[in-house]
Amino acid sequence: MADAHATMAIVGAGLAGAKAAETLRAEGFTGRVILLGAERDQPYERPPLSKGYLAGSTERSELFVHDSAWYAAHDVELHLGSPVVGLDRGTRELRLGGDGGVIGYDRLLLATGSAPRQLDIPGADLGGVHYLRRVADSERLRATLQTLGRENGTLVVVGAGWIGLEAAAAARAYGAEVTVVEPQSTPLQAALGPELGTFFAELHQERGVKFHFGATVTEIEGRDGMVLAAHTDDGQEHPAHAVLIGIGAAPETALAEQAGLELAPREEGGGIAVDAALRSSDPAVFAAGDVAGAWHPLFERRLRVEHWANALNGGPAAARSMLGQEVVYDRVPYFYSDQYDLGMEYSGFAAPGGYERVVVRGDAGKREFLAFWQASDGRVLAGMNVNVWDVTAPIQALVRSRRPVDPERLADPSVPLERLLEE
């Protein structure tokens, strides 16, 4: 669709939305591009909110996808603080909140992202309870961690996922005491399985983090609006001066649901159901980023990926699809994490219980190694590099090849990964 009179509307002014707008212009589209965001901050990247920005090593100006002048220079109409509350697919119109009126579109991209899952327990509304999703959340939590560090205070983290562990690392760097409560038997069990979850537990325990596994927080005790303790279902009490809730995120599908778009099954991650070209059940509506439950040709199933690389690459793919180009979005899922002096990257997808073994190449004790998740037929489903760099490309090539690999060869550091692709 190269019509100069067409309107491309993008709902969700995050990384996926901003990169989609950039791509529309880069591909030569001269029509109207409207980018609508519920937040008042211009589009920014979220990973630093639990990493460098929370730790104080990243400046606020480094968060933004483009500087503020970019949008006017590229004739992208950026509407901040403009939540979209209605979608009429029959008239192809969006209804804005308040007195924002109505905006028509020819093609629509939903990049509405996800929102932190709320913990519905007594005390969850106390002033010292935090969630981490937006810039203001990170700034508020950073100020709290700095205070806890100065005053020898304690942060209780509910949930040992990526957000919880990265925040725990930042809290320890500030000098705060940290207790993590997690219902599974290891951290990151849904993402990595118990084998590598144990590795991350030891990493944090060596830095002074306390874990309470196999338990659920049932109440946050407070007085005068402030946090005093977190209580768990096994009767334990954990003193706390602040609580961070990191129990996952849910896709922001309310607009799509209201409009009657098909949703992906919950067991496949939920989100807006889209094909490999990121088209929804309405051929004029597309979805990308956290909210998209996309068919992945490589894994032959729907995947909803909540990580930075999916927004970075999915937004441009959706933009090209909106323009009528042939698109097959089949990138190998990728994410990264920084905790203390450990950096890691993960490529691929290995569902919990969906792999046969984990093969380690290198020395996990020295925290310099690779790990591979293999299927029963020897295919490499996913790979992770820990403090080992410049190996993402061959790891992703192994995943993409779908060819069986001898586990002993896979574990042998003397065998180049590239050679495994030739055997």
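Helices (H or I, at least four residues) and strands (E, at least two) are DSSP runs, numbered from the N terminus. On that scheme, Thr232 sits in strand β14, residues 226–232. This is a predicted model, in which local features need pLDDT of at least 70, side-chain atom pairs count only at pLDDT 80 or more, and totals for chains, interfaces and linings use all residues. Residues are numbered from 1 along each chain as its sequence is written, and side-chain values use heavy atoms, with hydrogens and water left out.

**Single residues**

- Thr232 is buried, at a relative accessible area of 5%. Buried means under 20% relative accessible area, exposed over 50%, and partly exposed in between (1.4 Å probe, protein chains only).
- Not counting residues up to four places away in sequence, Thr232 touches Val181, His212, Ala215, Thr216, Val217, Thr218 and His238. Contact means heavy atoms within 4.5 Å.
- Leu110 belongs to strand β7, residues 107–110. Leu110 is buried, with a relative accessible area of 1%.
- Beyond its neighbours within four places in sequence, Leu110 contacts Val11, Leu255, Ala256, Leu261, Ile272, Val285, Phe286, Ala287, Ala288 and Val291.
- Leu110 and Ser280 are 170 residues apart along the chain, yet their C-alpha atoms are separated by 9.6 Å.
- Pro404 lies in the loop between α9 and α10 (407–411). Pro404 counts as exposed, at 56% relative accessibility.
- Asp377, Gly378 and Arg379 are touched by Pro404, leaving out residues up to four places away in sequence.
- Pro404 and Glu252 are 152 residues apart along the chain, with 38 Å between their C-alpha atoms.

**Helix pair α1 and α8**

- Helix α1 (residues 15–26) packs against α8 at an angle of about 35°, and the axes are 7 Å apart. Axes are lines fitted to C-alpha atoms, for helices over the stretch in contact, and angles run from 0 to 180 degrees between N-to-C directions.
- The crossing of α1 and α8 is right-handed. A crossing is left-handed if the near helix is turned anticlockwise from the far one by less than a right angle, and right-handed if clockwise.
- From α1, the contact draws on Leu15, Ala16, Lys19, Ala20, Thr23 and Leu24; from α8, on Trp308, Ala311, Leu312, Gly315, Pro316, Ala319 and Arg320.
- The residues of this contact divide into nine nonpolar, two polar and two charged. Ala, Val, Leu, Ile, Met, Phe, Trp, Tyr, Cys and Pro count as nonpolar, Asp, Glu, Lys and Arg as charged, and the others, Gly among them, as polar.

**Positive phi values**

- Most residues other than glycine have a negative phi.
- Asp224 has a positive phi, near 55°. Asp224 lies in the loop between β13 (217–223) and β14, and is exposed at 74% relative accessible area.
- Leu278 also is not a glycine, and its phi is positive at about 65°. The loop between β18 (272–274) and β19 (285–287) holds Leu278, which counts as buried at 2% relative accessibility.

**Pocket**

- The second largest pocket holds about 350 Å³ of space. On a 1 Å grid over the protein atoms alone, a cavity is a set of points where a 1.4 Å probe fits but cannot get out, and a pocket is an open set with protein on both sides within 12 Å along at least five of seven lines; lining residues have an atom within 4 Å of a point. Grid points are joined across faces, edges and corners, and a volume is the space filled by probe spheres set on the points.
- This pocket has 24 lining residues, and Ala309, Asn310, Tyr329, Arg331 and Val332 lie nearest its centre. β20 (292–296), α8 (308–322) and α9 (392–401) are the elements that give two or more residues to the lining.
- Helix α8 gives the largest share of that lining, six residues.
- The pocket lining has 15 nonpolar, seven polar and two charged residues.

**Cavities**

- The whole structure has two cavities of 30 Å³ or more.
- The largest cavity contains about 40 Å³ of space. Leu298, Phe299, Arg379, Val380, Leu381, Val399 and Arg402 line this cavity.
- By class, the lining of the largest cavity has five nonpolar, no polar and two charged residues.
- The second largest cavity contains about 30 Å³ of space. Its largest lining share, five residues, comes from helix α6 (residues 189–206).
- The lining of the second largest cavity has eight nonpolar, two polar and no charged residues.
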